[in-house]
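Please consider the following note on the salt bridges of one protein model. The points are meant to be read beside the structure.

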Amino acid sequence: MFAAEIYMHRFLLNSPVRTLNPDEADWFYTPIYVTCDLTPNGLPLPFKSPRMMRSAIQLISSNWPYWNRTEGADHFFVVPHDFGACFHYQEEKAIDRGILPLLQRATLVQTFGQRHHVCLNEGSITIPPYCPPQKMKTHLIPPDTPRSIFVYFRGLFYDVNNDPEGGYYARGARAAVWENFKNNPLFDISTDHPTTYYEDMQRAIFCLCPLGWAPWSPRLVEAVVFGCIPVIIADDIVLPFADAIPWEEIGVFVDEKDVSNLDTILTSIPPDVILRKQRLLANPSMKRAMMFPQPAQSGDAFHQILNGLARKLPHSKSVYLKPDEMVLNWTAGPVGDLKPW
């Protein structure tokens, strides 16, 4: 789900928007695979990412003049960690860290989006997490298959390893889903992840998309692609590509404090509203906007990112610095971040 950084790089290598003449460029892109630094269990390890990013910026700023002209204001970086360029998977610690100081002027392309949050800069581009297009395609079932499951969810309700007391993970929202609805026949919810997971989503009317450690999750992509109405439980979430995807019209938003009323909220939605949402979800352009296909397709997530970058042009003259002028503090941040990569 963090692989957008890799596929965006591959896309740009062969994209007609790429130029080999830096004087023609509107934007500069530096591929840095921060989520490919893994634990022995294969999970992304964000703690070294600031050192990796810092070393890359030192490299481009010392070898070419383009970073120094704006200190990154005409550069963009893909940062798909849980909390973007705050580089921690726990919100409290991500907030303490804040966005890496050297990236404060750059445009960040990130999966994390939450209003009024220190880990989301104004002007950042919020994107969907990566879901494997070919794998999803192979699990498609006939579109006229009846949707016999009312509410569907597969995933963790508690993270006992990182949050043994159960109140911190998902701000308690997932635990509330389990405790209130584990025995409700309308709710097909479990920690099991069956081989029929994708097929089951296509048989469901509503798919729960609660926050986990961060507000976003691959379920948003899966729900849209499989035509299951996303039930978004993540206060103040900033969703990807709001100009291409009418989230308010296709989804259902439930405040975290109202999770215990989820059954009443969903059963109260009139059938004609459900049908309208399902018709909108059936639009292929909406599904395409959430995917990173190989090769790229018109209107896909790659092109939505390009649209977001294009809307930020032209760059204001104020972003260009005077010779030898410096705005960013290269020594700010935790001491550990200053070590060479």
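The numbered points below concern the charged pairs and their surroundings.

1. This is a predicted model, in which local features need pLDDT of at least 70 and side-chain atom pairs count only at pLDDT 80 or more, while totals for chains, interfaces and linings use all residues. Residues are numbered from 1 along each chain as its sequence is written, and side-chain values use heavy atoms, with hydrogens and water left out.

2. The structure holds 11 salt bridges (a side-chain nitrogen of Lys or Arg within 4 Å of a carboxyl oxygen of Asp or Glu).

3. One of these joins Asp337 to Arg97, with the closest N and O atoms 2.3 Å apart. Asp337 lies in the segment after helix H13 (301–310) and Arg97 in helix H4 (residues 91–97), so the pair ties together parts 240 residues apart in sequence. Helices are DSSP runs of H or I with at least four residues, strands runs of E with at least two, numbered from the N terminus.

4. Asp337 is buried, at 7% relative accessibility, whereas Arg97 is partly exposed at 26%. Buried means under 20% relative accessible area, exposed over 50%, and partly exposed in between (1.4 Å probe, protein chains only).

5. Glu256 and Arg171 also form a salt bridge, at 2.7 Å from N to O. Glu256 is buried at 14% relative accessibility; Arg171 is partly exposed at 33%.

6. Arg311 pairs with Asp243 in a salt bridge, the closest N and O atoms being 2.9 Å apart. Both Arg311 and Asp243 are exposed. Through shared partners, salt bridges join Glu91, Arg171 and Glu256 into one network.
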